[in-house]
Amino acid sequence: MELLSLSAVELSAAIREKKITAVEAMEAVLDRIEECEPQYHCYVTVDREGALERAGQVQKRIEAGELTGPLAGVPVAVKDNMCTEGMLTTCASRILENFIPFYTAEAVLNLEKAGAVLIGKTNMDEFAMGSTTETSAYGVTKNPRNPEYVPGGSSGGSAAAVAAEECFFALGSDTGGSIRQPASFCGVVGMKPTYGTVSRYGLVAYGSSLDQIGPLSKTVEDCAAVLEAIASHDSKDSTSVERSDTNFTEALVRDVRGLRIGIPRDYFGEGLDPEVRSAVLEAAKVLEAQGAVLEEFDLSLVDYAIPAYYTIAAAEASSNLERFDGIKYGYRADAQGLHQMYKKTRSQGFGPEVKRRIMLGSFVLSSGYYDAYYLKALRVKGMIKKAFDDAFSKYDCILGPAAPSTAPKLGESLSDPIKMYLGDIYTISVNLAGLPGLCVPCGTDHKGLPIGLQLIGDCFQEKKLIRIGYTYEQCRKDLQGA
Amino acid sequence: MANIITDETIEYVGILAKLELSDQEKEQAKIDMGRMLDYIDKLNELDTSGVEPMSHVFPVQNVFREDVVTNGDGSADTLKNAPEEKDRMFVVPKTFE
């Protein structure tokens with residue numbers, strides 16, 4: 001049994017069957033981390049002692065029959081923008097270099113209730129602002145498929161940790177594609193759930209109307225099991241939605257007969273790498289052969305999603321990040337007087353990309369520009385939502401690429417912000433419209449870098465995505481085995 | 001570049017954002033913000049008259065609860081993260097002379 005290559009669900013089964021203990025699984029992961037971290041740097045914090053202690057406690061509860069679920073005993077990595085009681089939570093920013101929360105994010109608590117065991121916290125773009133994990137104040141993460149390339153971002157550490165087998169699954173957060181794009185670049189499964197499905201309590205806010213926590217995993221089955229564990233209605237998050245259909249593992253059915261899949265022509269136009277295009281269309285054909293009904297259509301407004309998104313996200317970020325003022329927690333600069341202290345603390349504590357977005361956000365919200373920029377973007381958001389509503393009146397799912405290319409090389413993206421933002425073109429509108437999106441690996445390019453297939457569903461239709469993603473994944477496995 | 005960001009604008013935005021930028025950072029910020037606004041101006045191609053601004057995708061309403069403390073007194077834990085504290089309070093730099 002190759003322990004580290006087991007999926008989360010397979011590992012928990014092996015633990016239940018007493019082939020291995022939760023402690024042994026954690027030891028194996030920690031050894032792997034020790035071996036790989038100097039090269040990949042997926043983590044900001046690895047809590048070795050705590051992880052082993054927690055694994056021991058969970059093992060006892062498994063033996064006592066208290067924990068029986070599909071994640072019991074499974075080591076998990078959590079993105080460093082989710083609060084974890086007693087464990088450093090930096091958001092990959094200098095301004096939170098010493099922040100130790102005294103409470104745990106609801107999504108992480110839900111995982112702990114399911115018996116998953118926290119290993120540590122993964123690297124990310126600072127405050128989740130970036131698409132490469134290169135804006136982290138704690139060094140870049142490298143793509144385990146080829147360490148000369150970025151893992152994507154902002155949940156790059158989580159995706160890379162799954163790909164490098166430095167955890168069995170991970171949590172990420174997705175504001176404009178930050179789960180799906182790194183999943184695509186690292187060749188793992190990633191899902192952004194419908195807005196409001198997973199509590200944002202304890203998630204350090206970036207763009208509150210867009211942020212959503214979700215799983216990064218090796219398989220669609222794991223993805224469904226994790227989503228089932230973390231989805232909950234939470235009165236501590238005012239935008240939390242009460243759902244009764246969160247038994248997502250029921251959707252792990254290999255059958256897509258009669259499902260209508262729309263392929264937006266606008267997602268296959270200029271700017272799309274030809275190898276990505278052919279891998280994604282090939283995946284669509286696999287689904288068609290299984291009985292899905294494919295149809296091309298025009299989604300419209302695709303080119304307007306990025307400018308609308310960056311206006312809204314920057315506006316919300318400038319407001320959300322006001323709390324980092326050097327008073328209550330985090331870094332404080334030495335300065336005379338309160339206002340000088342605020343300014344110095346923030347100027348020294350935030351990195352260039354975060355400052356860029358705070359400046360832009362402050363501008364679009366300022367008197368005289370609010371209507372022209374911010375309200376205009378919210379109106380466009382309404383139009384984009386309507387375009388998706390129209391599409392979902394005809395289709396069960398929209399299929400396209402997750403990103404226009406495979407992973408870029410390290411060091412090539414940050415010099416041109418707008419070019420980097422354009423890489424989010426296929427993921428961003430999903431956040432604006434609050435939809436669920438699932439990324440499943442569907443091939444590699446000539447460099448051996450992974451390509452991801454993105455499935456987009458109507459609000460609350462995660463089960464359709466899981467069913468289609470699972471069917472595709474199983475067929476691909478058969479094809480590779482043949 | 002259609003949007004020319006002046007020194008005054010950068011100064012003003014810096015005050016709003018509570019950021020102190022070096023001269024070099026200011027010059028870069030002028031270029032970056034101008035380019036972003038040029039790009040955002042693309043939204044003006046769309047006629048949005050009659051479209052309501054959508055802040056949330058679902059019709060969310062305020063969530064109310066009774067004004068009762070349910071999470072206990074976390075003040076000691078909260079203060080552990082304070083850069084400076086005294087007598088169970090946050091210490092801040094002088095705010096007036």
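Two residues are in contact here if their C-beta atoms, placed from the backbone, lie within 7 Å. Keep in mind that this is a predicted model.

With that in hand, look at helix H4 (residues 106-113) of chain A. Its buried residues are Glu106(A), Ala107(A), Val108(A), Asn110(A) and Leu111(A). And what covers them? The cover includes strand S2 (75-79), strand S4 (169-174), S6 and helix H7 (220-230), again from chain A. Just past the end of H4(A), Gly115(A) has a positive phi of about 95 degrees.

Now for the sheet. Chain A has an open sheet of eleven strands, ordered S1-S3-S2-S4-S6-S5-S10-S11-S9-S7-S8, with mixed pairing. Strand S1 (43-46) and strand S8 (293-297) of chain A are the edges, each pairing on one side only. From one strand to the next, the twist averages 30 degrees. Helix H15 (residues 462-481) of chain A packs on this sheet and touches strand S9 (397-401), strand S10 (437-444) and strand S11 (450-456) of chain A. The direction of H15(A) makes about 15 degrees with that of S10(A).

| Strands | Sense | Bridges | Facing residues |
|---|---|---|---|
| S5(A) and S6(A) | antiparallel | two | Gly190(A) and Leu216(A) |
| S7(A) and S9(A) | parallel | two | Gly262(A) and Ile398(A) |
| S9(A) and S11(A) | antiparallel | four | Ile398(A) and Ile456(A) |

Why call S9(A) largely enclosed by the rest of the structure? Five of the five residues of S9(A) are buried, so the strand is largely enclosed.

What about the nonpolar interior? In soluble globular proteins, nonpolar side chains tend to be buried together. The largest nonpolar core in this model has 167 residues, and Leu71(A), Val76(A), Val117(A), Val162(A), Cys167(A) and Ala170(A) touch the most other members. Helix H9 (302-320) of chain A gives the most to this core, with twelve residues. Setting aside neighbours within four places in sequence, Ala170(A) is in contact with Val76(A), Ala77(A), Val78(A), Thr122(A), Ser158(A), Ala161(A), Val162(A) and Leu216(A). Leu216(A), you'll recall, is the residue opposite Gly190(A).

Finally, the place where the chains meet. The contact takes 54 residues from chain A and 39 residues from chain B. On the chain A side, H9 (302-320), H10 (338-349), H11 (352-364), H12 (370-392) and H13 (417-422) each supply at least two residues. H12(A) gives the most to that side, with eleven residues. By class, the chain A side divides into 28 nonpolar, 15 polar and eleven charged residues.

H11(A) packs against helix H1 (residues 7-17) of chain B at an angle of about 100 degrees, with the axes 9 Å apart. That angle makes H11(A) roughly perpendicular to H1(B). Which residues meet in H11(A) and H1(B)? Ile358(A), Met359(A), Ser362(A) and Phe363(A) in H11(A) meet Val13(B), Leu16(B) and Ala17(B) in H1(B). The contact of these helices has six nonpolar, one polar and no charged residues.

Note on methods:
Residues numbered from 1 in each chain as written. Chains lettered and ligands numbered in written order. Predicted model: local features only at pLDDT ≥ 70, side-chain atom pairs only at ≥ 80, totals over all residues. Nonpolar A, V, L, I, M, F, W, Y, C, P; charged D, E, K, R; others polar. Pairing = 2+ DSSP bridges. Axes fitted to C-alpha atoms, helices over the stretch in contact; angles between N-to-C directions. Buried ≥ 20, exposed ≤ 12 C-beta atoms within 10 Å, placed from the backbone. Core = buried A, V, L, I, M, F, W, Y, C linked by C-beta atoms within 7 Å. Parallel < 35°, antiparallel > 145°, perpendicular 65-115°, else oblique.
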